[in-house]
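Please walk me through this structure.

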Amino acid sequence: MSDVLVSMVREAVESTLREQHEVLRELVQGLSPAVLNWSPGPEMNSIAVLVAHLLDAERYLVAAALGEVVERDRERWFRYEAPSALALLELIDRTEQETSERLIRLTGEALAREWTPPNDRLGRCFSGMRWLLHAIQHNREHIGQALLTRQLAAQRGIG
């Protein structure tokens, strides 16, 4: 894969993820812990859990695209309670910085290589490009859920 094409992929992925992070920032800005940690029902997640989980998954998926292993405690984020909107904003910023630092190292070889991270609970074997696309898709899915949860909280007068 040419250097120009790798650069275009890197720029497209990074700008898409930054746009998603900006949506997350707007979503959590100014929300109380009551709203951030409210769950609409059984087997449903709070905004805080959705945001924390998707950021943890983004770290994992972008690392997988480069053939790197990131240790993670996936279940921890499904129990997460945000002490404030600021805590989530800081988590978004840290993840964005880490993702940018990883994407700088993206190569054509990494994009084309099929790989299964040794700690992948589902045993998925994807190309680097597919891991990156999965990161974008996964984020968008949970952003939509978090936006809906925020609407439900407002409708029910939470917070």
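Start at I47. Leaving aside neighbours within four places in sequence, I47 is in contact (heavy atoms within 4.5 Å) with L27, V28, L31, V35, L36, W38, A146, T149 and R150. This is a predicted model, where local features need pLDDT of at least 70, side-chain atom pairs count only at pLDDT 80 or more, and totals for chains, interfaces and linings use all residues. Residues are numbered from 1 along each chain as its sequence is written, and side-chain values use heavy atoms, with hydrogens and water left out.

I47 also belongs to the largest nonpolar core. Such a core is a set of buried Ala, Val, Leu, Ile, Met, Phe, Trp, Tyr and Cys residues joined through side-chain atoms within 4.5 Å; buried means under 20% relative accessible area (1.4 Å probe, protein chains only). The largest one has 27 residues, and V28, L36, I47, V51, Y80 and L88 have the most contacts inside it. At least two residues each come from helix 1 (3-28), helix 2 (33-36), helix 3, helix 5 (85-103) and helix 7. Helices are DSSP runs (H or I, at least four residues), numbered from the N terminus. Helix 3 supplies the largest share of this core, seven residues. Another core lies apart from it, with 21 residues, including V9, Y60, A64 and F126.

Now look for open space. The largest pocket is lined by 14 residues, and H53, R72, R74, R121 and R124 lie nearest its centre. A pocket is an open set of points on a 1 Å grid over the protein atoms alone, where a 1.4 Å probe fits, with protein on both sides within 12 Å along at least five of seven lines; lining residues have an atom within 4 Å of a point. Helix 3 (47-65) and helix 7 (128-155) each supply at least two lining residues. Helix 3 gives the most, four.

Conventions
Buried means under 20% relative accessible area, exposed over 50%, partly exposed in between (1.4 Å probe, protein chains only).
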